[in-house]
Amino acid sequence: MSDSKKTHWGEFVVEAGIRVMGFSTIGFVLLIFSFLLREGVPVFLKVSPANFLGVRWYPTFGLFGMLPLILGSMLVTVVAVTIALPLGVATAVFVREVAPNWAREILKPMIEVLAGIPSVVLGFFGMTIVAPMVRETLGVPTGLTAFAGALILAYMSLPTIISVAEDALDAVPNSYRDAALAMGATQWQTIWRVVVPAARSGIVTAVMLGMGRAIGETMAVMMVTGNAARMPLSLNALFRPVRTMTATIAAEMGEVARGSVHYHALFGIGIALFVLTFLVNLTAARVIFTKRRKGGLR
Amino acid sequence: MNRYQVQRIGFAALSLAALIVVLPILMVIASIVLRGIRAIGWEFLTAMPREGMKAGGIFPAVVGTLLLTLGTAVVCIPIGVGGAIYLAEYARDTWWTRAIRLAIVNLAGIPSIVYGLFGLGLFVLFLQFGTSLVAGSLTLAIMTLPVIISTAEGALRAVPTEFRTVSYSLGGTRWQGIRRIVLPQALPGIITGVILGLLRAVGETAPILFTVAAFYLPRLPHSLFDQTMALPYHLYVISTQVPGMPEHIQYGTALVLLAVVLSMNLVATVIRSYFRRRRQW
Amino acid sequence: MSSVLAREAQPKIQIQKVSYAYGDEQALKDISLDVPTRAVTVLFGPAGGGKTTLLRLINRLNDLVEGTQMSGRILLDGQDIYGPGIDVSGLRRRVGMVFALPLPLPGTVRDNVLYGPRLAGERDPSCLEDILRRSLSQAALWDEVKDRLDRPANRLSGGQQQRLCIARSLALEPEVLLLDEPTSGLDPISTGKVEESLFQLKQDYTIVVVPHSVQQAARVADSAAFLLMGELIEHGRGSEMFTAPGDQRTENYITGRFG
């Protein structure tokens, strides 16, 4: 009797600890958000909205217009996703539906390798090899451009897009494929008329998560996009240097005085990034959540 | 053009896409290996940097990365595995559980530079740890947490429910069943997930920029509250901030970082396939 | 046969007006049944009748399912097993269960059999060895595995695995043994061996079986209960139930007019 009482007590402690660890995640999110607010909110008090939403980011002159940074991030991200989307979906379809086993055994580890390459290494590669290539092939003054950044970013988002898209394709029941084939469709027709439409929401999720990844990337873009905080307003801007929100924080925080307006402005950008990626991931996750309940898999 | 011709072209296009994805990966690895291998040597890996880092070795960066990874692991493994056990074995489908899952998705999506800001705000400034191993490790740990929880939960759920039922029917409590059957069976998957999570922490620069990384510190850290050099930051610095840096040192550093990450990847893959074959269900 | 039932005055298990629902679905309707001690009681009937549900209520395995409603009482030796302060783990050690599919735990034969006792706190090695030998012998498996005790349990044949599961439950020296279609995955020879061991086991344990077929029910039952769509249609002595059932529905099922 006393032995079982001892186990009951010990178990109670262990289970309480486990419960705490589960809920700690909520705690961390709140913690992160509150510290961002703590250091970032002052900027909204010290800088006028006209300034903050202006088109010039020159902290030394007291100009904190975020617009060039936001547009810079958008430009690089949108182009990156435009490149990565067809490549990623095509590769996912290839791996899941078409590839022979030996090809699959090579592709899947390779994609995992890509996922593991540190962003600073890819940024280094982009800086030393890709940017010069861009400069020579396109005849621009410097290869450190939005385009080069978008290229690197596209590759960094590929593993996310491919694996989530693959899961989406996996979730389509084989009976759909069998039914289409039994009606005389070729595999190609089956894929594009039956399987991919069925996996549509999962693929959209994949793209959104890839986009979230791209917006949040720091080192690779910092090393490759040239870091000029200009408004990217024409199509040409793609082939000129540009600056993202993430690179701004990383590049300038080191030289900033604690408590200065510039310091708070950088945290302000951090808040914007937090909210932005939160919204993107929330939308993507909502798709996952509703799917899970409907499918009743677990 | 009939349907089968369309199909053949289509398949060719798909394999082309896959090729376009894979080839650059090989190019990246190949170029770094080829240009960096000449720098690798015993001195490079174990000596301190000299002459403004243009000569000598990268030892403090290697050690710094090692210590940071250790610190990250110590914090995020217990919390991560504990959280995963909660979600897989205890949590019921309530509003609270959904909030936890949302929090995890959220944490996973936060940009690494924002983690850097958070680490600066909380650990370096508010808790006054200063730029230190502690601040850096804690920041990296919270960043790695969602990955560990997700993969560990997956590994736990993969263990068949029947084992738990049998354990209950033999008088076991929920925790006894977890400790004696579920957890050991899920362990290979959990370890794989931990390694994959940690290898991301190894390569991250943004979170350590303002929390621990030192530009040039040719000595090893003395205590938990010391700054330290770290491989990813070191690569960034010597490729962008130091004029006249010999190319082979840059590539050599990139090679070391890449080698560490790829070998962790390899270990995780080997563990995963070995135990998948020996599974008892 | 009748002497078996007269041996003990109080039935081992008393099920009193038990109703059970999963959400909106009523699985059991007002079941009352006595399970005599040290005899084989059979719960038979067509699929979906509630037999497995009722079985799982006796060792409270259905506690793990959410969204259920229960009324009525189940008494073990006169004590309500759903009463306050009941140690559920202890109950499950007194009431063992064997499932329809053989479910060996990961590990060796020894690990499987000794899982329960070790969980209960037994550490003495010689004691554990005795338990190992006794349980495997009672399950008619000792001779076949005595040289392979430390080999993985999932290498045994289906029939052997199922007898291992029986041995596993017996290792805790339960008072009651619940068996849910224990021979459904087994070949006729293994089935015969399991039924044989039931005849031996009922001398020491109270047994409740959900049989695989009506024929099996007729072979092993001392006492039988017919469940149809969650209702207890009739119950009584095994010998009478299968030769001259009281209710027309029972007779239809036994003679194969439906099922």
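**Exercise 1.** What is the order of the 4 strands in the open sheet of chain C, and is their pairing parallel or antiparallel?

*Solution.* The model is a predicted one, and the steps below are read from it. In chain C the strand order of the open sheet is β2-β1-β4-β5, and the pairing is antiparallel. The edge positions are taken by β2 (25-35) and β5 (79-80) of chain C, and because each has a single partner strand, one side of each is left without a neighbour in the sheet. Turning to strand β1 (residues 13-22) of chain C, we find that 8 bridges join β1 to strand β4 (residues 68-76) of chain C, the two running antiparallel. Within that pairing, C:Y20 has C:M70 of β4(C) as its bridge partner. As background, strands of a sheet pair through backbone hydrogen bonds.

**Exercise 2.** Describe the make-up of chain B, and then work out how helix α10 of chain B is placed.

*Solution.* Begin with the elements: chain B contains 11 helices and 2 strands, and along the sequence these follow the pattern α-α-β-β-α-α-α-α-α-α-α-α-α. Next consider burial, where 54% of the 281 residues in chain B are buried. For helix α10 (residues 231-240) of chain B, 9 of the 10 residues are buried, so this helix is largely enclosed by the rest of the structure. Among those buried residues are B:L231, B:Y233, B:H234 and B:V237. Finally, ask what surrounds them: the buried residues of α10(B) pack against α5 (119-138) and α10 (219-224) of chain A, and also against α3 (59-90), α8 (174-203), α9 (206-209) and α11 (247-277) of chain B.

Conventions. Residues numbered from 1 in each chain as written. Chains lettered and ligands numbered in written order. Predicted model: local features only at pLDDT ≥ 70, side-chain atom pairs only at ≥ 80, totals over all residues. Pairing = 2+ DSSP bridges. Buried ≥ 20, exposed ≤ 12 C-beta atoms within 10 Å, placed from the backbone. Contact = placed C-beta atoms within 7 Å.
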